[in-house]
Amino acid sequence: MPADLSPIDKAKFVAAKRACTYVESGMKLGLGTGSTAAWLVRCLGEMVRDDGLRVTGVPTSRRTADLAQAAGIPVISLDEARWLDLTIDGADEYDGALNLIKGGGGALLQEKIVATASDRMIVIADISKKVETLGAFPLPVEVIPFGWQTSKALVEEALVGLDVMGTTASLRMNGQTPFVTDEGNHILDLHLTRIGNARQLALVLNQIPGVVENGLFIDICDIVITGYGDGRVTVHDINAGTQQETRYDVQDNDNLFADLDD
Ligand SMILES: O=C[C@H](O)[C@H](O)[C@H](O)COP(=O)(O)O
């Protein structure tokens, strides 16, 4: 393993590697977005190239589509796939009930549609993503550009009286201009500190005109695979009610580290 691989990248890699053990030939897979999901795409690409794995992927962003194509994974649209066997994605936070905050990279809308259209969703994450209560990570909310300031005011108004600690929202920027999602929308980041009732908040946000979707994934994730910097992996399966721990020897996978760009 190269000396410059950080413990966090090692943690993301081992989680991705463990998630690959759930993948079988013939599967239609939802491919998540972000730095952890990028490890998964690389691992899957290697299985396609070297082990003859036959899968088709539905990417959750243009970034992931490009990565998957470069890795040699055949890509189709969700409309072509219709339904998926498994989605594997990263997360910004997960709690003990495997509820999530997602969208730190702005891909929450496609990610939620794809995960919901899957028999199973597996989240891969390093241990820093685990929280007691969701909300320290700013909650992304996708809004259409038309009247976004009105939508922001309505969102902030709706937060008053809910079980959250903060009530401010900020427009996500990309340098001097508003960040634009793959669907041409903007993102409001809600600075809530602590979300007491995530289910209620998710429902309230999606009632507001102009809001397209929020980054709370409630009852969508089935399994969280957590990687640690020392190569350990834990698997929390919410349906089976089990937690297991394994260790991966990443030194056998040096070639995967050669062309890191994420
Ligand atoms: O919009 C981005 C996604 O929800 C990502 O899966 C999430 O932000 C986690 O990304 P990363 O693996 O880079 O921490």
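Predicted model: local features only at pLDDT ≥ 70, side-chain atom pairs only at ≥ 80, totals over all residues.
Colleague: Which helix gives the largest share of the side of domain 1 that touches domain 2?

Modeller: The chain splits into domain 1 (7-131 + 219-252) and domain 2 (139-213), with centres 26 Å apart over C-alpha atoms. Their contact takes 12 residues from domain 1 and 11 residues from domain 2. On the domain 1 side, the largest share is 4 residues, and they come from helix α5 (residues 108-116).

Colleague: OK, and which element gives the most to the shell around the ligand?

Modeller: There are 18 residues around the ligand, and G34, T36, G90, G104 and G105 come nearest. Two elements supply two or more residues each, α2 (35-51) and α5. With 3 residues, the one giving the most is α2.

Colleague: Why is strand β14 (residues 223-227) largely enclosed by the rest of the structure?

Modeller: Look at both ways its residues point: I223, I225 and G227 go one way, V224 and T226 the other, and all are buried. So β14 is largely enclosed because the buried count is 5 of the 5 residues.

Colleague: Which residue is the bridge partner of T226 in β15?

Modeller: β14 pairs with two strands here. Strand β6 (residues 118-126) runs parallel to β14 over 5 bridges, with I124 partnered by I225. Strand β15 (residues 232-237) pairs with β14 in the antiparallel sense, also over 5 bridges, and the two form a hairpin with 4 residues between them. In β15, the partner of T226 is T234.

Notes: Residues numbered from 1 in each chain as written. Domains from an automatic or database assignment. Contact = placed C-beta atoms within 7 Å. Near = placed C-beta within 6 Å. Buried ≥ 20, exposed ≤ 12 C-beta atoms within 10 Å, placed from the backbone. Pairing = 2+ DSSP bridges.
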